[in-house]
Amino acid sequence: MDLNDSLTTGISDFFDVEGQEIPEELPMMAVRDVVIFNYMIIPLFVGRPASISAINDAMMKDKLILLATQKDATLDEPGPDDIYRVGMVCMIMRTLKLPDGRMKVLIQALSKAKIDEIPKHTPHLLAKITVLKDKEIKTVTVEIEAMMRTVREHTEKILSLKGIISADLVMILNSIEEPGRLADLVISNLHLKTAESQEVLETLDQVARLKKVAEFLRKELEVSTMQAKIESDAKDEMSKSQREYYLREQLHALKKELGDEDERSEEIDELRGKIRKTKMPKDVRKEAIKQLKRFEMMHPDASEATIVRTYLDWIIDIPWRQSTQDKLDLPEALKVLDADHYGLEKVKERILEYLAVRKLNKSTKGPILCFVGPPGVGKTSLGRSIARAMGRKFFRLSLGGMHDEAEIRGHRRTYIGAMPGRIIQGLKNTGSNNPVFMMDEIDKVGQDYRGDPSSALLEVLDPEQNFSFSDHYLNMPFDLSKVMFIVTANMADTIPAPLYDRMEIIRLSGYTQEEKQVIARRYLLPRQIKENGLKKKNISVDDKVLEKIITNYTREAGLRNLEREIGKVCRKVARKIAEGGRGPYKISGRTLAGYLGPVQFAPEDELDTIDQPGLATGLAWTEAGGVMLYIEVAILKGKGNIILTGQLGDVMKESAQAALSFCRSKLDKLNLPDTYFEEIDIHVHVPAGAIPKDGPSAGVTMATALYSALSGKKVRPDIAMTGEITLRGRVLPIGGLKEKALAALRAGIKTVIIPHENKKDLVEIPVDLRQRLQFIPVKSMNRILNIAFVK
């Protein structure tokens with residue numbers, strides 16, 4: 001609030017509080033860097049817990065609070081000794097809670113008060129006070145009148161130097177008749193040190209206070225006069241610079257007549273020629289010519305000249321209308337995709353469909369595809385293959401951990417070091433307006449005070465909007481409709497709903513053992529042989545060895561760990577050759593452990609653990625693919641409690657409660673007495689206790705394990721199940737069926753029980769996988785109890 005506004009507020013907007021009774025005890029709040037005077041109305045932003053507590057306490061009573069200035073503004077929790085002993089009793093006029101947890105408060109100063117005692121410190125300070133009154137002036141003497149007139153004149157001069165003087169302001173100053181009130185109103189708007197303002201506040205003699213204010217005004221007038229002089233000198237210097245520029249331009253014209261062109265002229269002519277040759281829209285060309293004229297008129301050493309020159313370079317270098325020619329030969333495109341990736345038929349089919357439509361309709365918009373799948377299934381490398389198959393340029397942008405909206409939209413040119421966003425930068429790097437543009441990890445985009453990048457991406461990834469994408473730096477629309485955007489994510493749940501709605505989702509579930517074996521033979525092993533400096537004749541790995549690496553040394557949906565293990569074998573062979581070994585080295589099942597160490601995973605051993613009642617095998621989905629979920633239940637003597645361990649989330653805890661209720665409804669079938677559950681405790685544990693677990697697909701497994709423990713029957717070790725359960729035993733559908741089926745196959749499971757409503761999803765599972773696993777759709781838990789137990 002400046003001096004002009006504050007003076008007006010002090011006179012016209014002051015709330016009538018005459019006769020307001022002030023209690024002897026008031027909640028107290030410390031304020032920083034401001035001393036509050038009588039008749040002030042001021043907004044405050046409150047963030048400290050103690051301050052918010054004091055405000056709330058005052059609002060619950062009579063809205064009165066004591067505000068006192070703290071001596072050291074850097075202290076976050078000032079004590080009684082850190083606060084001046086004279087403050088101001090204020091009334092809270094308005095409060096507003098802000099989204100960041102702070103509070104905005106509008107207060108009105110009522111009366112000075114002295115702090116006698118602070119009997120309470122928590123949750124906020126409570127002060128016992130004595131109200132202080134100014135010494136009354138019975139008669140305004142000539143000396144006092146002269147001093148008041150001096151204060152008014154000095155105030156008017158200061159405002160005049162700052163260019164904010166007005167007739168209303170003069171009237172307000174002349175209308176104040178009390179010396180103390182005039183002193184308080186003026187001093188509250190001078191930028192004084194806190195100690196100086198506090199000294200004035202504690203002065204109860206109105207005449208003495210007015211004298212101090214007059215002295216401070218005199219100093220402020222000297223500073224304001226000097227400031228005005230400095231500004232005037234700077235303006236004269238600017239006029240001098242403009243005159244020099246005019247003379248320099250005249251010199252340039254003379255040199256041109258004499259045929260003696262300078263380097264700047266050549267630079268401007270070069271830019272003009274580039275603008276003329278570059279293919280760009282009319283509006284963009286018009287803006288480029290306008291900026292070039294500005295650049296031509298500027299002094300070469302001016303800071304603005306560098307900004308304009310950089311802007312012109314960006315306008316010229318961006319591929320406004322430069323496109324690459326699409327390869328529309330569908331058989332050739334399929335050949336390229338097959339050469340780079342094995343399997344992934346759905347993705348290849350979608351790319352060929354786009355090429356077919358593009359062949360028939362040249363103006364079709366670029367698709368926006370989202371590959372969702374666990375790490376290592378080839379999402380990013382698939383984008384490069386698509387670009388190669390279509391004959392387009394490729395650019396990859398990682399969105400993981402991005403918090404700043406300017407990364408997408410760019411910075412405005414008013415900022416130092418401003419640049420376009422990553423979208424425009426990528427297009428400039430490719431030199432084409434129709435590249436394959438891959439955005440990795442869209443499910444890991446963040447947001448903070450700098451903006452929300454996911455909201456900025458809405459315009460980029462919406463076909464109805466991206467034909468006129470606006471970058472803050474360029475401040476001109478760019479057509480992104482020709483770009484083929486491919487987005488990747490490990491899981492779709494964390495993608496913002498508006499973004500998810502704009503993308504075509506293609507799920508990459510993972511690879512079967514056979515697919516991994518083919519990929520390892522065709523791609524991974526040759527690549528690792530080359531990267532480790534070997535030749536094909538140096539090493540021999542047969543299919544059985546690859547199968548053993550896949551089964552016993554990796555457990556993943558993708559291929560990264562498999563390639564690491566193959567690389568480890570190749571490195572050890574490379575070391576032997578470097579040490580003088582002749583080779584070739586044949587890797588067999590017997591020698592594999594010498595290269596990779598002991599077996600890491602043994603599926604048959606894990607299934608052998610399901611050998612007693614109370615154990616069941618379930619299937620779960622994670623962002624790394626499907627995993628096995630083993631449920632253990634123990635029946636103990638107790639008082640009817642249920643114990644859940646294994647870092648279970650709320651959903652799994654509710655599934656356990658539902659499973660228990662279902663089993664309690666089967667007392668007759670279990671041949672258990674009515675009071676049985678009151679005499680036992682049930683402990684449900686999901687192993688790997690260090691790993692948090694949650695999700696809606698473990699209900700049937702928990703119910704089966706619990707029923708097994710109560711009945712004494714063993715669950716078949718070759719069977720796994722997935723599905724949610726209701727209290728009536730109905731089995732509800734789940735997601736991620738293909739990933740769970742792959743996990744079951746990796747673990748050696750033969751039979752998978754699934755919800756009946758997921759029967760339609762079996763068409764998404766490859767035929768060879770369906771032939772190796774028996775899927776049993778069920779509608780109720782009774783059906784599961786009939787088939788899950790060992791006969």
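Modeller: Let us begin with R272, which is partly exposed at 30% relative accessibility; buried means under 20% relative accessible area, exposed over 50%, and partly exposed in between, with a 1.4 Å probe and protein chains only. The model is predicted, so local features need pLDDT of at least 70 and side-chain atom pairs pLDDT 80 or more, while totals for chains, interfaces and linings use all residues. Residues are numbered from 1 along each chain as its sequence is written, and side-chain values use heavy atoms, without hydrogens or water.

Colleague: With which residue does R272 form a salt bridge?

Modeller: A salt bridge is a side-chain nitrogen of Lys or Arg within 4 Å of a carboxyl oxygen of Asp or Glu. For R272 the partner is D269, with the closest N and O atoms 3.1 Å apart. D269 is partly exposed as well, at 43%. Both residues belong to helix 8 (residues 263-277), where a separation of 3 residues is about one turn. Helices (H or I, at least four residues) and strands (E, at least two) are DSSP runs, numbered from the N terminus.

Colleague: Which elements does the salt bridge of R350 and E504 link?

Modeller: The side chains of R350 and E504 meet at 2.7 Å, N to O. This pair links distant parts of the chain, 154 residues apart: R350 is in helix 12 (residues 345-360) and E504 in strand 13 (residues 504-507). R350 is buried at 19%, whereas E504 is partly exposed at 31%.

Colleague: How many salt bridges does the whole structure contain?

Modeller: The search finds 33. Another of them joins K212 to E199, at 3.2 Å between the closest N and O atoms. K212 lies in helix 7 (residues 206-257) and E199 in helix 6 (residues 194-201), so this pair ties together parts 13 residues apart in sequence. Salt bridges also link K112, D134, D184 and R209 in a network.

Colleague: What volume does the largest cavity have, and which residues line it?

Modeller: A cavity is a set of points on a 1 Å grid over the protein atoms alone where a 1.4 Å probe fits but cannot get out; lining residues have an atom within 4 Å of a point. The structure holds 4 cavities of 30 Å³ or more, and the largest has a volume of about 90 Å³, the space filled by probe spheres set on its points. Its lining consists of Y511, Q513, K516, I550, T551, T554, R555 and R746. Helix 18 (513-531) and helix 19 (543-552) each contribute at least two lining residues.

Definitions and conventions
1 Å grid on protein atoms, 1.4 Å probe; cavity = no way out; pocket = protein on both sides within 12 Å on 5 of 7 lines; lining within 4 Å.
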